[in-house]
Amino acid sequence: MDMDDISVRKAYKRYARNYDRIFGKIFEHGRHQLIHKMACNPGDRVLEVGIGTGLSLPFYPEEVTVTGIDISPDMLQIARRYVNGNNPCRRFLFLMDAQRMSFADNAFDKVAAMYVASVVPDPAAMMAEIKRVCKPGGDVFVLNHFSNPQLLPRTLETVMLPFKNLIGFSPRFSMDRFIDCMSLQVIKTYPVNLFGYWTLIHARNCS
Ligand SMILES: C[S@@+](CC[C@H](N)C(=O)[O-])C[C@H]1O[C@@H](n2cnc3c(N)ncnc32)[C@H](O)[C@@H]1O
């Protein structure tokens, strides 16, 4: 059975309160690398889709405008700690589906998607929306775990596959198929996080 939006919302309602404890440190290297490779310029408008509890927000330079969206109200509520405090300017959060965004075309200079591509039910729809809202020549960064042919990770993926709605992501996710559906030019890929099991894709909207 495919992932669906209701299962995703349910899964992240369950995770929300403990998300930072479970996935904070373990995924931090990737978040940090992504924002470093983004090399933002002052005044850049960045969109982050599936921003979750906002763990990436402290890594962005202050002079960059960051708009974060997420489909889970529970995750987003926690992210608001970074927006409602002393530094509210240039940080905006919206409850929105990455597969159907309400932003205008070409609204952002750069777009990031961290650990969300294998969570959305329709990754191709999300990438089509990312391409639409990213200006021509803009950079797109996707960070995710992709299927690994080595025995141990492959076995784990197989064991977890029937529980994907419960765990809130698809453990088997082909990088080749994902890159085909992106219709963006891949600039470079980088292994990140523990054992380099996750991949950071730097792509460009060349259309
Ligand atoms: C694994 S979490 C990643 C959160 C965060 N990016 C991080 O670095 O920890 C996946 C996030 O994607 C969100 N998400 C899933 N489907 C989505 C969709 N269709 N539109 C927007 N956000 C979505 C989930 O609610 C969840 O917050």
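Predicted model: local features only at pLDDT ≥ 70, side-chain atom pairs only at ≥ 80, totals over all residues.
Local features were required to have pLDDT of at least 70, and side-chain atom pairs pLDDT 80 or more, whereas totals for chains, interfaces and linings use all residues. Residues are numbered from 1 along each chain as its sequence is written, and side-chain values use heavy atoms, with hydrogens and water left out.

The model contains an open sheet of 7 strands in the order β3-β2-β1-β4-β5-β7-β6, with mixed pairing; strands (E, at least two residues) and helices (H or I, at least four) are DSSP runs numbered from the N terminus, and two strands pair if DSSP finds at least two bridges between them. The edge strands, each pairing on one side only, are β3 (91-95) and β6. From one strand to the next, the twist averages 15°, with angles running from 0 to 180 degrees between the N-to-C directions of axes fitted to C-alpha atoms, for helices over the stretch in contact.

Strands β6 (residues 185-192) and β7 (residues 198-204) run antiparallel and are joined by 7 bridges. Q185 has R204 as its bridge partner, and V192 has W198. The hairpin has 5 residues between these strands, and N193 takes a positive phi near 65°.

Helix α8 lies across β5 (134-145), β6 and β7, at about 20° to β7, where contact means heavy atoms within 4.5 Å. Helix α5 (residues 123-133) packs against α8 (residues 175-182) at an angle of about 40°, with the axes 9 Å apart. P123, A124, M127 and K131 in α5 meet F178, C181 and M182 in α8.
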